[in-house]
Amino acid sequence: MLTNIKNFALIIGAMKCGTTSLFYYLSQHPEICSCREKEPDFFTNDAKWYQGFNWYQSYELWNWKPTVHKIALEASTSYTKFPIKPNAAERISQIEAKFKFIYILRNPIERIESHYSYGLTKPWGRNKDISQVLSQIITVSKYAMQLD
C-alpha cells in the first residue's frame, strides 16, 4: 500500500557518531514517523532502489498516518560513504519530495578508532586486508568530501 510521504528527514551522519541514539530520540516525537528499519539504505542499496520509490514509501517500511505524522525519519549511515557507496546524492535528487538532512559529526580520530574497534567484531573488519579496511574507515571521516 502506498503512503505518499512528501517530507523526509534523513540522519546521514557517519557510523559511530550517535546516529542510532538520535534516531531513537527523534522517533519519540508524535509527529515523526520513524522507519521500521533504522538503516533501510534505500538510496545506496541497488536491490532496494530498483524496487522503486513507491516501495520505499510503502507500509513495509513506514507506519505513516497522514493525519498524525508530518515527517518520515530514517537514518542510513551508508548515505555518507562516498565513494564506497556512490549513488546516494544522485538518487535522492531524483525524488520529488522534500528532504531535510541531519549530518552528525564526531572528532574524526575518535570516530576512526571506534569504527575500527567495531570492525574487529565483524567479518568485514577481521577478514580483509587491514590497509583496505582503514582506507575505507578514513574515507568515511572525510566529512567535507562527503558533504560535497
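A pocket is an open set of grid points, with protein on both sides within 12 Å along at least five of seven lines, where a 1.4 Å probe fits. In this predicted model, the second largest pocket holds about 320 Å³ of space. Of the 15 residues lining the second largest pocket, Tyr79, Ala88, Ala89, Gln146 and Leu147 are the closest to its centre. Helix 4 (88-93) and helix 8 (143-147) are the elements that give two or more residues to this lining, and the largest share, four residues, comes from helix 4.

The largest pocket has a volume of about 380 Å³. Its lining counts 19 residues, of which Met15, Lys81, His115, Tyr118 and Trp124 lie closest to the centre. At least two lining residues come from each of helix 1 (19-27), helix 5 (108-119) and helix 7 (130-140). Helix 7 contributes the most, with four residues.

The strands are the next topic. Strand 3 (residues 71-75) is largely enclosed by the rest of the structure, because four of its five residues are buried. Buried here means under 20% relative accessible area. Strand 1 (residues 7-11) runs parallel to strand 3 and is joined to it by four bridges; within this pairing, Ile11 has Ala75 as its bridge partner in strand 3. Strand 2 (residues 32-34) also pairs with strand 3 in the parallel sense, over three bridges. There, Cys33 is partnered by Ala72 of strand 3.

Note on methods. Residues numbered from 1 in each chain as written. Predicted model: local features only at pLDDT ≥ 70, side-chain atom pairs only at ≥ 80, totals over all residues. Heavy atoms only, no water. Buried < 20%, exposed > 50% of the residue type's maximum accessible area, 1.4 Å probe, protein only. Pairing = 2+ DSSP bridges. 1 Å grid on protein atoms, 1.4 Å probe; cavity = no way out; pocket = protein on both sides within 12 Å on 5 of 7 lines; lining within 4 Å. Points joined across faces, edges and corners; volume = space filled by probe spheres on them.
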